[in-house]
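The dialogue takes the features one at a time.

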Amino acid sequence: MAENPIIVALDVSAEEAVALARSLQGRVRWLKVGMTLYYAAGPRIIADLRELGFDVFCDLKLHDIPHQAAGAAAEIARLGVGMLTIHACGGLAMMQAAVEASANAAKDAGLPVPAVLAVTVLTSMDSAALADVGVNRAASDQVRILGQLARDAGVDGVVCSPHEAAEMRALFGRNAFVVTPGVRPAGAAVGDQARVATPAAALLAGASHLVIGRPITSAPEPAAAVDAIQREIREKLQ
């Protein structure tokens, strides 16, 4: 488990993101910039958050032909992010190209090489939703297949639901990133997530990092919400 495993998902406007970040200084290390925020604010938001002292998880879930995925991964790496995501269903060649391009770009820029994480099955999807798009196997089986492919591609870890965290930890080893969205504190609304767990349950299953958004960002006092989640984790893991 990371020393501070919470990644706060900033799916808000640029102004709100910076205000939230300032309110969370000293409480969390990682902030997630996903499509909503990145497409609204552009790469400048990553610089702004890094200037406030945070590590940035850039979650754009790259999925394209290898040439395009490699180019995008290189540009993201040049922003100084700590983690970036690609879709495992893009295939072996695409993942390999993204891993190589991001490492080369970071080194050329004199920056640390970001961790490249392969997204397996979105936490909003279950087996029925997979069947709707022609994948006629259980979500857990699909995660296993994509996880094995991602490992072969040389990624640094995966994004999966807490339900698959234990298997992905065993597959990738103790030092890999196993990042779990679909994490909800006890009593929080599930929303549009289908495969969820509490923070402590996700960590016990093998997660290294927990992506938590609305339970923190929509709280009346986001800093207090982080403190409450951290207390919940400590109490459950004692």
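This is a predicted model: local features need pLDDT of at least 70, side-chain atom pairs count only at pLDDT 80 or more; totals for chains, interfaces and linings use all residues.

Q: How many helices and strands does the protein chain have?
A: Helices (H or I, at least four residues) and strands (E, at least two) are DSSP runs, numbered from the N terminus. In the protein chain there are 11 helices and eight strands.

Q: How compact is the protein chain?
A: One compares the radius of gyration, taken over C-alpha atoms, with the globule rule, which is 2.2 Å times the number of residues to the power 0.38. Here the radius is 17 Å, close to the 18 Å that the rule gives for 238 residues, so the protein chain is as compact as a globular protein of that length. Along the principal axes, its C-alpha atoms fill a box of roughly 45 × 40 × 30 Å.

Q: What share of the residues is buried?
A: Buried means under 20% relative accessible area, exposed over 50%, and partly exposed in between, with a 1.4 Å probe and protein chains only. Of the 238 residues in the protein chain, 52% are buried.

Q: Which residues does A74 touch?
A: Contact means heavy atoms within 4.5 Å. A74, whose place is in helix α4 (residues 66–77), touches A101, S102 and A105, if residues up to four places away in sequence are not counted. A74 counts as buried because its relative accessibility is 8%.

Q: Is G147 buried or exposed, and where is its place?
A: G147 lies in helix α7 (residues 139–153), and with 0% relative accessibility it counts as buried. Leaving aside neighbours within four places in sequence, G147 is in contact with T120, M168, L171 and F172. G147 and V178 are 31 residues apart in sequence and 11 Å apart in space, C-alpha to C-alpha.

Q: Where is A207?
A: A207 is in the loop between α9 (199–205) and β8 (209–212). A207 is buried, with a relative accessible area of 3%, and from C-alpha to C-alpha A207 and P181 are 9.9 Å apart in space, although 26 residues apart in sequence.

Q: How many aromatic pairs are there?
A: Rings of Phe, Tyr and Trp (its six-membered ring) pair if their centres lie within 6.5 Å; planes under 30 degrees apart count as stacked, over 60 as edge-to-face and the rest as tilted. By this rule there is one aromatic pair. Y38 and Y39 form this edge-to-face pair, with 6.4 Å from centre to centre and 70 degrees between the planes. Y38 counts as buried at 17% relative accessibility, whereas Y39 is exposed, with a relative accessible area of 60%.

Q: What is the phi of K61?
A: Most residues other than glycine have a negative phi. K61, in strand β3 (residues 55–62), has a positive phi of about 50 degrees although it is not a glycine.

Notes. Residues are numbered from 1 along each chain as its sequence is written. Side-chain values use heavy atoms; hydrogens and water are left out.
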